Amino acid sequence: MTTIFYGALVSPTSLTSYDALPRALLAVSRESGDIAWVERDVAPEGLQDALALHGVLGEDADVVALKHGEFLMPGLVDTHIVSARFSRREGPPSLPAAPC
């Protein structure tokens with residue numbers, strides 16, 4: 001099974017440039033989480049044809065239409081933590097408590 005996202009895609013091409021694709025299709029394998037394929041510019045009326053081109057018919061996949069203002073950025077790994085989640089006295093669960 002595959003999950004297919006339809007909408008805006010921002011894809012870095014180098015350290016200083018990127019592609020902004022407002023009508024992209026991005027297929028993600030549910031088993032591995034890998035990107036299976038990308039179609040760069042698909043008009044709404046061409047959606048079924050683009051899916052058929054990749055052998056996606058009927059219930060082979062879930063299609064998620066991104067809303068206005070939403071976008072995907074493949075490869076972005078959000079590694080931040082919010083330090084306010086941990087009390088100063090107790091610290092993160094993996095660290096010993098700070099002395100009083």
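Which residues does Tyr6 touch, not counting residues up to four places away in sequence? Taking contact to mean heavy atoms within 4.5 Å, Tyr6 touches Arg23, Ala24, Leu25, Val42, Ala43, Pro44, Leu47, Val64, Ala65 and Leu66.

The structure is a predicted model, in which local features need pLDDT of at least 70 and side-chain atom pairs count only at pLDDT 80 or more, while totals for chains, interfaces and linings use all residues. Residues are numbered from 1 along each chain as its sequence is written, and side-chain values use heavy atoms, with hydrogens and water left out.

**Overall plan**

The protein has 1 helix and 5 strands, where helices (H or I, at least four residues) and strands (E, at least two) are DSSP runs numbered from the N terminus, and along the sequence these follow the pattern β-β-β-α-β-β. Among contacts between residues at least 6 apart in sequence, 43% join residues at least 24 apart. The protein exposes about 7600 Å², of which carbon and sulfur atoms supply 56%; such areas come from the Shrake-Rupley method with a 1.4 Å probe, and for residues only the protein chains shown count as cover.

**Inside the protein**

Of the 100 residues, 23% count as buried, a word that means under 20% relative accessible area, whereas exposed means over 50% and partly exposed lies in between (1.4 Å probe, protein chains only). A nonpolar core is a set of buried Ala, Val, Leu, Ile, Met, Phe, Trp, Tyr and Cys residues joined through side-chain atoms within 4.5 Å. The largest one has 11 residues in all, including Ile4, Tyr6, Leu25, Trp37 and Val56. Strand S1 (2-12), strand S2 (18-29) and helix H1 (47-53) each give two or more residues to this core, and the largest share, 3 residues, comes from H1. Apart from this core lies another, of 5 residues, among them Leu9, Leu21, Ala24 and Leu26. In soluble globular proteins, nonpolar side chains tend to be buried together.

**Two residues side by side**

| Residue | Relative accessible area | State |
|---|---|---|
| Thr3 | 16% | buried |
| Phe71 | 48% | partly exposed |

Thr3 lies in strand S1, and its side chain is joined to that of Arg30 by a polar contact of 3.1 Å, that is, a pair of N or O atoms within 3.5 Å; within protein, one must be able to donate a hydrogen and the other to accept it, and residues adjacent in sequence count only if both atoms are side-chain atoms.
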